[in-house]
Amino acid sequence: MKRKPIHRMTRAASAALTLLLTGTGWAGIAHADTGSAASGSASGSASGSASGSAQLPVASPRAMAALGLASTQIGKPYLWGGTGPDAWDCSGLVQWAYRSVGIDMPRTTWQQSDVGLWVPLGALQPGDVIILNEDASHVGIYAGGGQVLNAHSPGVPVGLSPLSEFEIFDVRRFY
């Protein structure tokens, strides 16, 4: 069954998302409970909301470290099938960065869209893996400020691209 993109980001939506993540709306998310299903809860109680207002925990230090490692590759060339260290394709860069911090990541974008925790677009945070394009053919790491760090395409070196250039197929989070 073919999945549909979770959101078609317009320039206006991208601007609103950037304001949310960099403005005062970000403060509430940044102070969200940092517990996770894997770490359990001292109270033993479940949390959630039928209204959908429950907040996801902030990105893990390992996801932020993966983003930092990927940023050391900025300026290197794109190469289809590239797995580094001299050239990268999109999924090769993401796989390398996350594996470097101890998170086992599959090789292709389609495989990467099936691992980790699903994240709603409104909870997007730096370090999240973003599966892009209507056919899930591209992947990058959300860098914040409406930017995605990625190995974009032939002739375009590894770097930041506006998230508004893409359709968002899926967002995944790793701890």
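User: Which residues are buried in helix α3 (residues 61–71)?
Analyst: This is a predicted model, where local features need pLDDT of at least 70, side-chain atom pairs count only at pLDDT 80 or more, and totals for chains, interfaces and linings use all residues. Residues are numbered from 1 along each chain as its sequence is written, and side-chain values use heavy atoms, without hydrogens and water. In α3, Ala63, Ala66, Leu67 and Ala70 are buried (under 20% relative accessible area, 1.4 Å probe, protein chains only). Helices are DSSP runs of H or I with at least four residues, and strands are E runs of at least two, numbered from the N terminus.

User: Why do they line one face of the helix?
Analyst: Seen down the axis of α3, the buried residues fall within an arc of 100°, so they line one face. The arc is taken from the directions from the helix axis to the C-beta atoms.

User: What do they pack against?
Analyst: The buried residues of α3 pack against α4 (90–100), β3 (138–144) and β4 (147–150). Contact means heavy atoms within 4.5 Å.

User: Zooming out, how many helices and strands does the protein chain have?
Analyst: Five helices and six strands. From the N terminus, the order is α-α-α-α-α-β-β-β-β-β-β.

User: And how much of the protein chain counts as buried?
Analyst: 41% of its 175 residues.

User: What about contacts between residues 24 or more positions apart?
Analyst: Such pairs account for 63% of the protein chain's contacts with a separation of 6 or more.

Conventions
Buried < 20%, exposed > 50% of the residue type's maximum accessible area, 1.4 Å probe, protein only.
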